[in-house]
Amino acid sequence: MSFGTEFGRGLQAYREAHRIIFKHKLTHYLWIPGIVTLIYTVVFFGFTLHFAGRIASEADAYPAWLSWMGDFTQWFLKSVYWVVATFLFLASLKYVLQVLLSPILSNLSVAVEKSVWGLEPDAITWKEFFQDMGRSLMLAIRNVVIELSLCLVLAFIPGVGQIGGLLVSSYFSGFGYMDYVLERKKMTIPQAVSFCRAHRGLAVGIGIVNNLLMLIPFVGWIITPTYATIAATMETLRILNPQDAKRFDAFVAPV
């Protein structure tokens, strides 16, 4: 399929994911990411507030004759600090959730494969469980380094660079969720990279909705991992099991 066709399927997959969540009683998977998100948010901004207080103390230490400059410096440093902190939080959140929630989201992907496709994935041993977590961490580190490097370069290209940065970020977001299936199918990281490059339109489509939903405070952070995992699982399995695609479409058709 062309980039445009797969991109469109990635967008539409979220509508199917919504039906599957309620049709197959998977709503409990919405709460677990919410709890993890809440914990990460509290910890991240707890440290952020702590260091913000230290910056304020440093700014207050100016001599009296520089007090006017101290007030300006304090305001400027705080403003820059909170802008950077918020950016880092939003940029890191998707990868933190993908790694910390990897056992939960991987199990969700298995549940979708069983209940929707009627397939029976291989059982996962404890050894494979920890190996999969390590793999998710390694893949996340790889992707975030490449993503940030490319986005940094693109940031210097006015207009086009920002659009390119969004597409790059979306590609790696979609890649991360598609990998729950690829990992289960015993693909190595290089094989998964090749697969997602061949289906980059799908990865970008899934990732761009993921990134837009993550801009919605709290609600988006809570529901997005579940929706993105189901959307990516459905479309990845469609590619890997083309002979079963029609049967799959019958399962998810609106009632």
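This is a predicted model: local features need pLDDT of at least 70, side-chain atom pairs count only at pLDDT 80 or more; totals for chains, interfaces and linings use all residues.
**Notes on an all-helix model and its salt-bridge network**

1. Residues are numbered from 1 along each chain as its sequence is written, and side-chain values use heavy atoms, with hydrogens and water left out.

2. Now the overall fold. The chain has 10 helices and zero strands, where helices (H or I, at least four residues) and strands (E, at least two) are DSSP runs numbered from the N terminus. Of the 255 residues, 45% are buried; here buried means under 20% relative accessible area, exposed over 50%, and partly exposed in between, with a 1.4 Å probe and protein chains only. Among contacts (heavy atoms within 4.5 Å) with a separation of 6 or more, 82% are between residues 24 or more positions apart.

3. Glu 235 and Arg 9 form a salt bridge through their side chains, at 3.0 Å from N to O. Glu 235 sits in helix H9 and Arg 9 in helix H1 (residues 3-23), so this pair ties together parts that are 226 residues apart in sequence. Glu 235 counts as buried at 3% relative accessibility, whereas Arg 9 is partly exposed at 27%.

4. Glu 235 has another partner in Arg 238, with the closest N and O atoms 2.4 Å apart. Because they are three residues apart in helix H9, Arg 238 and Glu 235 are separated by about one helical turn. Arg 238 is buried too, with a relative accessible area of 9%.

5. The whole structure holds five salt bridges. One of them joins the side chains of Glu 113 and Arg 184, at 2.6 Å from N to O. Glu 113 belongs to helix H4 (residues 102-115) and Arg 184 to helix H6, so the pair ties together parts that are 71 residues apart in sequence. Both Glu 113 and Arg 184 are buried.

6. Next, the open space. The largest pocket contains about 720 Å³ and is lined by 24 residues, with Phe 87, Ala 91, Lys 94, Glu 147 and Ser 169 nearest its centre. Two or more lining residues come from each of H3, helix H5 (126-154), helix H6 (160-184) and helix H8 (200-213), and H3 gives the largest share, eight residues. On a 1 Å grid over the protein atoms alone, a pocket is an open set of points with protein on both sides within 12 Å along at least five of seven lines, a cavity is a set where a 1.4 Å probe fits but cannot get out, and lining residues have an atom within 4 Å of a point. Grid points are joined across faces, edges and corners, and a volume is the space filled by probe spheres set on the points.

7. There is also one cavity of 30 Å³ or more, and the largest cavity has a volume of about 100 Å³. Its lining includes Tyr 95, Ser 136, Asn 143, Asp 179 and Tyr 180. H5 contributes the most to that lining, with four residues.

8. On the outside, Trp 75, Phe 76, Leu 77, Val 80, Val 84, Phe 87 and Leu 88 form a nonpolar surface patch with about 680 Å² of accessible area together. Patches are made of residues with over 30% relative accessible area and no salt bridge, like charges being joined within 9 Å and nonpolar side chains (Val, Leu, Ile, Met, Phe, Trp, Tyr) within 5 Å. Accessible areas come from the Shrake-Rupley method with a 1.4 Å probe, and for residues only the protein chains shown count as cover. Phe 76 is found in helix H3 (residues 67-100) and counts as partly exposed at 42% relative accessibility.

9. Finally, two loop residues to look at in your viewer. Lys 186, in the loop between H6 and helix H7 (189-198), has a positive phi near 70 degrees although it is not a glycine, and it is exposed at 52%. Phe 218 has a positive phi of about 65 degrees and is likewise not a glycine. Phe 218 lies in the loop between H8 and helix H9 (219-240) and counts as exposed at 53% relative accessibility.

Terms used:
A salt bridge is a side-chain nitrogen of Lys or Arg within 4 Å of a carboxyl oxygen of Asp or Glu.
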